[in-house]
Amino acid sequence: MSNVFIIGGAGNIGRRLASLLAANGHVARPLFRKAEQEQPLREVGAEPVNGDLAALDAKSLAALMTGSDVVVFTAGAGGKGGEEMTNAIDGKGLTTAVAAAQQAGISRFLLVSAFPEAGRNKNLSATFENYMRVKKAADVELAQSDLDWVILRPGTLTDEKGHGKVRAGLAIPYGDIPRDDVAATLAELIAQPAVSRVIIELTSGEMPVHDAIKPLASR
């Protein structure tokens, strides 16, 4: 059993992950900001933690994390609030979370990032360009840390029901993936701690999640 602290726990992927973990006997501790987000998280068996990532410093966030075995960072501004909010959540928020994990003595850290080809063949706005820049900078910061990290880069996210089958690798063609299957992949990464210090690209595919992740274990 793992105790998992989920930053972005009230978001689309975070809620799904919390539900999966709780159903499998883990302790899921999703961070939430709005009062109305708490009860739905409790209803799926999670143990919600109240806190606003944008308002917390590393020491305060570390106090909330303490006792967890794994941190999952799946927070994102989602394009709301423009560049300023993206910088605060996807950028500074990741910096704060890394420092907090280190202070709390938690080494395992999973980050949901962005697929590099997300904007290919599109007319990108300045806001999206900034989003991709911030996401890459966050990847670099985590990869340069001493944490036991994994960076997961899913393709275009959809809300269709998960298939339980994915394609995962160091470099794969771009594609779509249901949020259900991203959450399932995160749960599998928690179950497979030998997969460490690697960047994984993820789309829908033909392989069960467990089988797709296992070959990526450290050698």
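Residues are numbered from 1 along each chain as its sequence is written, and side-chain values use heavy atoms, without hydrogens and water. Because the model is predicted, local features need pLDDT of at least 70 and side-chain atom pairs count only at pLDDT 80 or more, while totals for chains, interfaces and linings use all residues.

Student: Within what arc do the buried residues of H1 fall?
Tutor: Buried means under 20% relative accessible area, exposed over 50%, partly exposed in between (1.4 Å probe, protein chains only). In H1 the buried residues are Ile13, Gly14, Leu17, Ala18, Leu21 and Ala22. Seen down the axis, with directions taken from the helix axis to the C-beta atoms, they line one face of H1, since they fall within an arc of 155°.

Student: How are H4 and H5 oriented to each other?
Tutor: Axes are lines fitted to C-alpha atoms, for helices over the stretch in contact, and angles run from 0 to 180 degrees between N-to-C directions. Helix H4 (residues 82-104) and helix H5 (residues 126-143) pack at about 5°, with axes 9 Å apart. Angles under 35 degrees count as roughly parallel, over 145 as roughly antiparallel, 65 to 115 as roughly perpendicular and the rest as oblique. H4 and H5 are therefore roughly parallel.

Student: Which elements are included in what covers the buried residues of H5?
Tutor: The buried residues of H5 are Asn130, Met132, Val134, Lys135, Ala138, Asp139 and Leu142. Contact means heavy atoms within 4.5 Å. The cover includes H4, E5 and strand E6 (148-154).

Student: Is phenylalanine 109 buried or exposed?
Tutor: Phenylalanine 109 is found in strand E5. Leaving aside neighbours within four places in sequence, its contacts include Leu94, Val98, Leu142 and Trp149. With a relative accessible area of 0%, phenylalanine 109 is buried.

Student: How far apart in space are phenylalanine 109 and valine 150?
Tutor: Valine 150 is among the contacts of phenylalanine 109. The two are 41 residues apart in sequence. C-alpha to C-alpha, their separation in space is 6.5 Å.

How values were computed
Helix = DSSP H or I, 4+ residues; strand = E, 2+ residues; numbered from the N terminus.
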